[in-house]
Every structure is written in structure tokens, then in C-alpha cells.
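This report walks through a few local features of the structure shown below. Please keep the sequence and the 3D view side by side while reading.

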Amino acid sequence: MFPKPYRLAKKRDIERVFRKGQHGSSGFAFINALENRQENSRFTVIVGTKTKLKAVGRNLLKRRARAYLTLENKAIPAGRDYIIGFKGQFTKVPSYNDISQNLGECLKKLRSAPSGGTRKPYRRTMAR
């Protein structure tokens, strides 16, 4: 588990990152990121029940992803909110090397993308 200042826990913040953030994916992993107004980055790791893993496997997958993030903390840009997730169905939990390779590729894609939200804000036009 991440220390408290590094956790992205509020539902409102998580929805904002999904809605307005950048997206990078590789293989079975994806990362959404969005600028925040804080000095440090905040993280959350999600694994859905559709992965066909039991709770023990999902927890192991989360622990391996968190271990990667703590080791690679210097390479991750600060001042952003990150959602790390896994998609697809697994027969067994991927190895740490597979997870680190996929997450590394996702981070490379996010670094090459422009910063901030890329979507235009919704504006309602009224017909007169």
C-alpha cells in the first residue's frame, strides 16, 4: 500500500482522471494520467473481477504493480494522478517481469503524449 499522500482514493478524483486524463496501454496493462496541483504524484491500482482471477490473484497482481511503482518512482513524472489497471482474462497471475515490461511501455507512451487534458470542454450552444 502506498503512503497516504501518494494514494488516489476519492471516487471523484478517480472519475476525473478517467474522464479527462491521457491514456497509455500496452498488452494487458493500461495507465491513465492527469496533472494535479500537488507536489507529489498519487496512484491507484485497479484489477476488475472480469480478469477471472480469484481475490488472491488480484491482490498479488496489485502488489506486483505497486512494487514496480515504488522501484521506478524516480522515473515517473511528479505532480500527476495515475490509475494503473489490468484488462483481459488471465489463467494465472503474470510474472513481475511481464508486469514491469508492460507498465514501462505504458509510461513511455504517456511521456511522448502532450501533457494535460487533450479533450475540449463541453459547451452548450443555445439556438436563438
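## An exposed loop residue

In this predicted model, R37 counts as exposed, because its relative accessibility is 88% and the cut-off for that class is over 50%. R37 is found in the loop between β2 and β3, the latter strand covering residues 42-47. Although R37 and D81 are 44 residues apart in sequence, their C-alpha atoms are 9.6 Å apart in space.

## Strands β3 and β4

Strand β3 is mostly covered, with 5 of its 6 residues buried. β3 pairs with β4 in the parallel sense, over 6 bridges, and within this pairing I46 stands opposite G85 of β4.

## Helix α3 and its buried residues

Helix α3 spans residues 96-112, which makes 17 residues, and from its first C-alpha to its last it reaches 24 Å, close to the 24 Å expected at 1.5 Å a residue. The buried residues of α3 are I99, S100, N102, L103, G104, C106, L107 and L110, and they pack against β1 (22-26), β2 (29-35), α2 (55-71) and β4 (80-86). As a general point, an α-helix has 3.6 residues a turn, so residues three or four places apart point the same way.

S100, which is found in α3, is classed as buried because its relative accessible area is 17%, and the cut-off for that class is under 20%. A polar atom of the S100 side chain lies 3.0 Å from the backbone oxygen of N97.

Definitions and conventions. Residues numbered from 1 in each chain as written. Predicted model: local features only at pLDDT ≥ 70, side-chain atom pairs only at ≥ 80, totals over all residues. Heavy atoms only, no water. Helix = DSSP H or I, 4+ residues; strand = E, 2+ residues; numbered from the N terminus. Expected span 1.5 Å × (residues − 1). Buried < 20%, exposed > 50% of the residue type's maximum accessible area, 1.4 Å probe, protein only. Contact = heavy atoms within 4.5 Å. Polar contact = N/O pair within 3.5 Å; in protein donor to acceptor, adjacent residues only side chain to side chain. Pairing = 2+ DSSP bridges.
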